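Student: I've got the model open. Can we talk through a pocket and a pair of packed helices?

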Amino acid sequence: METLWFCLVAAMLAAYVLLDGFDIGAGIVHHWVARTDEQRRMVLASIGPVWDGNEVWLLAAGGTLYFAFPAVYASSFSGFYLPLMIVLWLLILRGVSVEFRSHIDSPVWKPFWDFGFTAASVLLAVFFGAALGNVLRGAPLEANGTFFVPLWTDLGVDGELGVLDWYTILVGVLALVTLAQHGALWVAMKTAGQIRERAARLASALWFAAVILAVAVTALTMRVQPQVRSNLAARPWGYVFPALAVAGLILTLTRGEGPRERLAFLGSCLFIGGMLSSAAFGLYPYLLPARPDPARGLTVYNTATSAYGMKVGLAWWIPGMILALGYFIYAYRRFAGKVRLEGEGY
């Protein structure tokens, strides 16, 4: 049951990154692919019906973590208090920017909220990537499982740790490039004309940066977190996950309109899913490794709730996920196809 819930939490976090990732990516690139007010409204319309619903998966993943592994939830949410508050404010700023930009027709009002949308999206991608980097690197856990890290120290991965160091910043930059490409491919799939052409060109340019950064982060992760090497050596079948990421990167090179646009976007989903699955496989059974003493790490075994509670939770989780998936399937089918502006719209 502990392993099952580990997989469920990882799957829900991956669902959040895949779904909210493309609208964060659309925010990152919308200043580059849209030059006029109408074009920017088109980019916003491409994510408008779904962006707030996508964030449900972040809440669901947090709730599942709290239920299944309460010690990890308590430790990580207190230890990473400062960056979590920054992420919360960035989520609020991004949502407000989407909803407020068209309320007043002013040469100052709209550019202000457009800038807020882009800035919040860029910083969210970097901080989410840095959060993954912190989990992969490990936290300075005390014997009782508590810790606290400042925003930065000397930017090193040894000694006094901070949220930001050379490794977590590099993972953050990879997340920024990956989500920007993800968002550009989504915008290319949902729009037409000049916006689609610019988005497709931008996705192509970002592909090379994604490859270089993915290779660098993978190599450095092997050095920073020995558990990844140990898991791959003990279970060689785990190489299927990075292989999926490579296959996804190749698919993102698909060019053309119609089904080819969808294939390229699905390739981006496969790349992100493969990278996140590789990280989860490499960390197992750790949910939060410890540095410098690995014995203090929080695992699925020493942080899990009772076996009975996990069984009861699974009985409720299954129908809940069926309802959620049914809603998302309906919403994405309802708003499928190229977007068009109707009236004032976005």
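This is a predicted model: local features need pLDDT of at least 70, side-chain atom pairs count only at pLDDT 80 or more; totals for chains, interfaces and linings use all residues.

Student: Are H8 and H12 roughly parallel or antiparallel to each other?

Tutor: Look at the angle between them, about 155°. Angles over 145 degrees count as roughly antiparallel. H8 and H12 are therefore roughly antiparallel.

Student: And what is the handedness of the crossing of H8 and H12?

Tutor: The contact is made by residues including Leu185, Trp186 and Met189 of H8 and Phe265, Phe271 and Ile272 of H12. By class, the contact divides into 12 nonpolar, 3 polar and 2 charged residues. As for its handedness, the crossing of H8 and H12 is left-handed.

Student: Now the second largest pocket: which residues are closest to its centre?

Tutor: The second largest pocket has a volume of about 960 Å³. It is lined by 31 residues, and the closest to its centre are Trp186, Lys190, Tyr332, Phe335 and Ala336.

Student: Which helix gives the most to the lining of the second largest pocket?

Tutor: Helices H1, H2, H8, H12 and H13 each supply at least two residues of that lining. By class, the lining has 19 nonpolar, 5 polar and 7 charged residues. With 5 residues, the helix that gives the most is H12.

Conventions
Residues are numbered from 1 along each chain as its sequence is written. Side-chain values use heavy atoms; hydrogens and water are left out. On a 1 Å grid over the protein atoms alone, a cavity is a set of points where a 1.4 Å probe fits but cannot get out, and a pocket is an open set with protein on both sides within 12 Å along at least five of seven lines; lining residues have an atom within 4 Å of a point. Grid points are joined across faces, edges and corners, and a volume is the space filled by probe spheres set on the points. Helices (H or I, at least four residues) and strands (E, at least two) are DSSP runs, numbered from the N terminus. Ala, Val, Leu, Ile, Met, Phe, Trp, Tyr, Cys and Pro count as nonpolar, Asp, Glu, Lys and Arg as charged, and the others, Gly among them, as polar. Axes are lines fitted to C-alpha atoms, for helices over the stretch in contact, and angles run from 0 to 180 degrees between N-to-C directions. Angles under 35 degrees count as roughly parallel, over 145 as roughly antiparallel, 65 to 115 as roughly perpendicular and the rest as oblique. A crossing is left-handed if the near helix is turned anticlockwise from the far one by less than a right angle, and right-handed if clockwise. Contact means heavy atoms within 4.5 Å.
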